[in-house]
Amino acid sequence: MGKTITIKPGCITCGACEFIAPQVFQVTDICHVMPDAALAEHEPAIVAAVQACPVNVIQYDDDSQVL
Ligand code: SF4
């Protein structure tokens, strides 16, 4: 699998990602990625959240090449 989500600096806590993928994102004072989120299972919602983020701070990576 090897997918990771990184929230880059600049989140404005708008809540869009949590609205789209509540099993993956939790927005409090900042945006968190749930530690146990099943990323592969929620991939369509994650991609939608990446596209919906107004400040483009959600980075969705495939790190399977990492040594
Ligand atoms: S959609 Fe983007 S700006 Fe909004 S809470 Fe999520 S990470 Fe933050």
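Predicted model: local features only at pLDDT ≥ 70, side-chain atom pairs only at ≥ 80, totals over all residues.

Residues are numbered from 1 along each chain as its sequence is written.

Begin with the whole chain in cartoon view. Two helices and four strands are present, arranged along the sequence as β-α-β-β-α-β; helices (H or I, at least four residues) and strands (E, at least two) are DSSP runs, numbered from the N terminus. The C-alpha trace spans about 35 × 20 × 20 Å along its principal axes.

Next, select Ile5, Ala16, Cys17, Ile20, Ala21, Val24, Phe25, Cys31, Ile46, Ala49, Cys53 and Ile58, the twelve residues of the largest nonpolar core. Such a core is a set of buried Ala, Val, Leu, Ile, Met, Phe, Trp, Tyr and Cys residues joined through C-beta atoms within 7 Å; buried requires 20 or more other C-beta atoms within 10 Å of a residue's own, with C-beta atoms placed from the backbone. Helices α1 (16-20) and α2 (43-52) each supply at least two residues of this core, and the largest share, three residues, comes from α1.

Within that selection, centre on Phe25. Setting aside residues up to four places away in sequence, Phe25 touches Cys17, Glu18, Cys31, Val33 and Ala49, contact being C-beta atoms, placed from the backbone, within 7 Å.

Finally, select the ligand. Its surroundings comprise 15 residues, the closest being Cys11, Cys14, Ala16, Cys17 and Cys53; a residue counts here if its C-beta atom, placed from the backbone, lies within 6 Å.

Methods:
Contact = placed C-beta atoms within 7 Å.
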